[in-house]
Amino acid sequence: MPNASSWSASSPLLLLWEDSSGTRIFLSLLYAVLAISGTLSNVMVIYLVFSFKKLQTTSNAFIVNGCAADLSVCALWMPQEAVLGLLPPNSSSLRSAEYRLLRGGLLGLGLTVSLASHLLVAFNRYVLITKLPSVYQALYQRRHTGCMIGLSWALALLPVPLLPGLWTLGSAQSDGSSRYTALLLALAVLAQTALLLHCYLGIVRRVRGSAKRVSVLNFHLLHQLPFPAAPPPPRRAQRRLSSVSVLLLCCVFLLGTQPLVWVSLLGFFLRPAPPALQAASWLLLCSLSALNPLLYTWRSEEFRRAARSVLPRGEGPAAA
């Protein structure tokens, strides 16, 4: 019978050979739920942005780019993991190198573009809030925006061949190349996180100092209706609520990305983490693909009005 390390190296769920079928079924169901919810939410955001002119902004273009990348994870990769988790451990599908390469490529492409889109959205809002309007208009012309989106996909295609090696992070048979691939992944995510936090914390400082430009945030808690639906809250409350929204987004992002970073660093410098911890860190990172559409749209009045107009018992197209 193969040992635990060989099963860890070949399993898409990073399970041990002796893990119970109940554990594999539970993870398969979890992947299925994330796949369905993530696919629906990403498709909904893309549809709304393309259908409503008010939502066709530069920031939303980067959000749509992230949703398209998240679809490769939620609609293409997660369903395969849900099915493979139900197969017997000695299934040939689990041990096919070509199939593992395909799954690793889908996962790597989707997560890389998704993380790049997070950074593009954060930088876009940082420039919009903290810089002069002329600087923003010069930087975010239609041609420049298209180049940024295209560059995110071009850069994501470069490390795709390295991603299958990450499946062997916890294996005793993993070679040095997979360890260095894990280190490269951890450092890239750390750098991206540092830049993202710099942008959002800069926004928080500006918002706390002045409430004049808070309304440009797509995820704020202020009312943006074209008519006075309710008396506006005090300025101090506006600043506090907008800052909480930004910090909440940062906390969710950190919760999804940092466990994998530190598990990878632990495996490179000290000793490999337990396979269950590796699986949990990967699952948290992949779950961001299902949560990203909600992170950027759940407090946007424009998105909510657009969604109500297309969902059953909505306000009708005229309301949008």
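User: Which residues does UniProt list under "transmembrane region"?

Analyst: Keep in mind that this is a predicted model. The unreviewed UniProt entry lists residues 25–50, 62–80, 100–123, 144–162, 182–203, 244–270 and 276–298.

User: Okay, what is the helix content of residues 25–50, and how far apart are the end C-alpha atoms?

Analyst: Residues 25–50 are 100% helix and 0% strand, with 37 Å between the end C-alpha atoms.

User: Next, packing. At what angle do helix 2 and helix 10 cross?

Analyst: The general idea is to take the angle between N-to-C directions, where anything under 35 degrees counts as roughly parallel. Here helix 2 (residues 21–51) and helix 10 (residues 275–297) cross at roughly 30 degrees, and their axes come within 9 Å. That is why helix 2 is called roughly parallel to helix 10. The crossing of this pair is left-handed.

User: Which residues make that contact?

Analyst: On the helix 2 side you'll find, among them, Leu27, Leu30, Tyr31, Leu34 and Gly38. Helix 10 brings Leu283, Ser287, Ser289, Ala290, Pro293 and Thr297. By class, the contact of helix 2 with helix 10 splits into 8 nonpolar, 7 polar and no charged residues.

User: And helix 3: is it roughly parallel or antiparallel to helix 2?

Analyst: Over 145 degrees, a pair counts as roughly antiparallel. Helix 2 and helix 3 (residues 58–84) pack at about 155 degrees with their axes 8 Å apart, so the two are roughly antiparallel. Their crossing is left-handed. The residues in the contact of helix 2 with helix 3 divide into 20 nonpolar, 5 polar and 2 charged.

User: What about helix 11: how does helix 2 cross it?

Analyst: At roughly 95 degrees, with the axes coming within 10 Å. That makes helix 2 roughly perpendicular to helix 11. Met44, Val45, Tyr47, Leu48 and Val49 of helix 2 meet Phe303, Ala306, Ala307 and Val310 of helix 11. The tally for that contact is 9 nonpolar, no polar and no charged residues.

User: Last one: how many salt bridges does the structure hold?

Analyst: The structure holds 2 salt bridges. One of them joins the side chains of arginine 304 and glutamate 301, at 2.4 Å from N to O. Both sit in helix 11 (residues 301–310), and because they are 3 residues apart, about one helical turn separates them.

Note on methods:
Residues numbered from 1 in each chain as written. Predicted model: local features only at pLDDT ≥ 70, side-chain atom pairs only at ≥ 80, totals over all residues. Heavy atoms only, no water. UniProt positions renumbered as here; feature names shortened; annotations may be inferred. Helix = DSSP H or I, 4+ residues; strand = E, 2+ residues; numbered from the N terminus. Axes fitted to C-alpha atoms, helices over the stretch in contact; angles between N-to-C directions. Parallel < 35°, antiparallel > 145°, perpendicular 65-115°, else oblique. Left-handed = near helix turned anticlockwise from the far one by under 90°. Contact = heavy atoms within 4.5 Å. Nonpolar A, V, L, I, M, F, W, Y, C, P; charged D, E, K, R; others polar. Salt bridge = Lys/Arg side-chain N within 4 Å of Asp/Glu carboxyl O.
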